[in-house]
Amino acid sequence: MTQTAIEQRFEAYGLWRRDLAQTLSDLRTWLAENSLSQPQSDAHLERMQTALRDDRLYLAFVAEFSRGKSELINAIFFAGQGRRILPSSAGRTTMCPTELFYEADKPACIKLLPIETRRNGATVAEFKGFGDEWQTIALDVDDPEAMAAALAHIAEIKHVPAEEARALGLTVTDDIAKTGAAVDAEGEVEIPRWRYALINFPHPLLADGLVILDTPGLNALGAEPELTLNTLPNAHAILFVLAADTGVTQSEISVWRDHVAGSHKGRLVVLNKVDGLWDDLKKTGELEREIARQVNETARYLDVAAERVYPVSAQKALAGKVRGDRDLEERSGIGALERALAEELLPGKGGLVAQTVGRDFDEVEASVERVIGQRLQGLREHWGELSGLNGKNMDVIEHMMTKVRADKTDFDRSMQRFHATRTIFAQQSAALYAKISLRQLDTLIAETKKNMQTCLTTAGLKTAMQTFFGYARSRMDEAAADSQQIKTLMDGVYRKFQEEHGLANIKPAAFSVMRYTREIKRLQEKHEQFMRGLSLIMTEQKAVVRGFFESAVSKVRAIYVSANRDADDWLRDMMAPMESQVREHQAQLRRRLESIKRIHQASDTLEARMAELKQVLEEISDQHRAAHTAFRQIRAQLSAAP
């Protein structure tokens, strides 16, 4: 089967990542072999390799039930298997959010999280760390029937009393016109058996880092707040699937505006099931005009350009690919959608990864340049000292030795000041960590939960939420002020050492909390939007509290975890260049003193020592040229990101 546009792009992307990772590994080995590796640069290289190895590209499919999402996934990504992978039939199929990925070091399987896990308030992300909470079913990829039977589990349902469904935080309604689980004559409702499904499936695109998220229907967005507030906003691309035979419903317009649209970049609309419009009694031109009319109406309702709406028949596309019927595949319209995904999804992601890796590489290159530059400068200065000794008497040599000792004494005094500065640095670092303390945040979370559970009014719930968000944002602002104090302190230290001892003039970077505060603000705005017009008479207090903690609170805590990790990296990067230069300068002073002492004691001749210095200079110059060659290669690879 001929490769699709997205398969070709992904293959190129995977090859680029692997080649770049290998080049970085070679550089890391070379630096260690040439005594150029520093703790700081080694940490950056480790982070770069991890970023390339663990990189994931998330593609989410969002739609109402029976719009053909699962069939579309089968048609785009799994037609090469010669059959349907995800269950797809009339009516509701995918009943729980389903994540498809591939980890080669783990067996092919499907993991199912029971719906009952919603009771304790933990998020799906938290449950991913507890394997024993999931039911695991092995996938025999060589047995299509057995695999189909295993994957059919994601469509399983169960019937429970309405009160039990409400206790699980699911929306229950007696009005079939409203979104939610409908109560039957026996007072029971139909709910998914599983809360979430993870499918580890061996597939080339998944192996290259693609993660596919299949959502079970628009009403599940409210049932699983992580989807609307965390997963979907962070997806690299979303395919919003509509059906040509139903048109755009009011609920679909609301979900598009509230949860999907945002930036239209990476958001494509698929008008599926256009084969329902095919009519052999109509001329080709009439069919094309009818489809164009549907596309234009859809674009108008969603307020997007018509060029971003793709008319497709997923069922015919899959059938055409499986049977090798190129005419049917082309008529299905799948090719245009695949090209759009390939052209929009991957280039943006490749550039983002290159940018992220590039920032760490800047630090590695700067670190290596500083070390080599400092060594070359020290050797040249020492060469100049020894050249000046040629033909001089012992008094001059003794004077030179006295001068080097004086330089060492001055530097030792500077080191005493540096150690005192480190104490202040540690104190200010502790103050910064206190502002983003997870322990203090957890205390606030517990207090907020207690307050919300005892609130009797919607206004009380809103106040508790605003207090929580206000604390989270204000502490970030205070952390920004503390980080600026640390930067000011270290700016002065670097400037002093540069003036007194000629060390490199380094300007430490600032620590920005903007991305954290913006994400907290986004969460707050989403929840304020949700709370507008909300009445506890219509919505259970328990469900509101559960939704708030499963989405906003867990996400804010994750933001604080990221802030702590980034603060660790920033503080380490702030101090590491100075420590590296100090070590190198001390070593150079020791070498200079030892060299002159050996000449003074006649245990070494001036000519022999200068010949030795010349050889070392040539070796380090060779290292410098080799480093430049390696750096140029990596820069070229970063620029060539697909």
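Let's start with a contact: Arg 18 and Asp 208 form a salt bridge, with their closest N and O atoms 3.0 Å apart. A salt bridge here is a side-chain nitrogen of Lys or Arg within 4 Å of a carboxyl oxygen of Asp or Glu. This pair links distant parts of the chain, 190 residues apart: Arg 18 sits in helix 1 (residues 5–33), and Asp 208 sits in the loop between helix 7 (204–207) and strand 10 (210–214). Helices (H or I, at least four residues) and strands (E, at least two) are DSSP runs, numbered from the N terminus.

Keep in mind that this is a predicted model, where local features need pLDDT of at least 70, side-chain atom pairs count only at pLDDT 80 or more, and totals for chains, interfaces and linings use all residues. Residues are numbered from 1 along each chain as its sequence is written, and side-chain values use heavy atoms, with hydrogens and water left out.

**Salt bridges**

- How many salt bridges does the structure hold? There are 27.
- Back to the opening pair: Arg 18 is partly exposed, with a relative accessible area of 47%, while Asp 208 counts as buried at 11% relative accessibility. The words work like this: buried means under 20% relative accessible area, exposed means over 50%, and partly exposed is in between (1.4 Å probe, protein chains only).
- Lys 106 and Glu 103 also meet through their side chains in a salt bridge, at 3.0 Å from N to O. Lys 106 counts as partly exposed at 45% relative accessibility, and Glu 103 counts as partly exposed at 27%.
- Arg 557 forms a salt bridge with Asp 442, and here the closest N and O atoms are 2.8 Å apart. The pair links distant parts of the chain, with Arg 557 in helix 19 (residues 541–600) and Asp 442 in helix 16 (residues 438–454), 115 residues apart.
- Arg 557 is partly exposed, with a relative accessible area of 32%, and Asp 442 counts as partly exposed at 30% relative accessibility.
- Then there's a network: Arg 47, Asp 360, Asp 569 and Arg 572 are joined by salt bridges that share partners.

**Aromatic pairs**

- A search of the whole structure turns up 10 aromatic pairs. Rings of Phe, Tyr and Trp (its six-membered ring) pair if their centres lie within 6.5 Å; planes under 30 degrees apart count as stacked, over 60 as edge-to-face and the rest as tilted.
- One of the pairs is Phe 10 with Tyr 13, which is edge-to-face, at 6.3 Å centre to centre and 85 degrees between the planes. Both residues lie in helix 1, three residues apart, about one turn of the helix.
- Phe 10 and Tyr 13 are both buried.
- Are the rings of Phe 78 and Phe 201 stacked or edge-to-face? Their centres are 5.7 Å apart and their planes are at 85 degrees, so the pair is edge-to-face.
- Phe 78 lies in the loop between helix 3 (69–77) and strand 2 (98–101), and Phe 201 in the loop between strand 9 (194–200) and helix 7, so this pair ties together parts that are 123 residues apart in sequence.
- Phe 78 is buried, with a relative accessible area of 0%, and Phe 201 counts as buried at 1% relative accessibility.
- Phe 10 and Tyr 13 turn up again with Trp 16, and the three form one aromatic cluster.

**A buried helix**

- Nine of the nine residues of helix 3 are buried, so the helix is largely enclosed by the rest of the structure.
- Among the buried residues of helix 3 are Lys 69, Glu 71, Leu 72 and Phe 77.

**Residues apart along the chain**

- Thr 4 lies in the segment before helix 1 and counts as buried at 10% relative accessibility. The C-alpha atoms of Thr 4 and Glu 338 are separated by 7.2 Å, and the two residues are 334 residues apart along the chain.
- Gln 485 lies in helix 17 (residues 458–501) and is partly exposed, with a relative accessible area of 48%.
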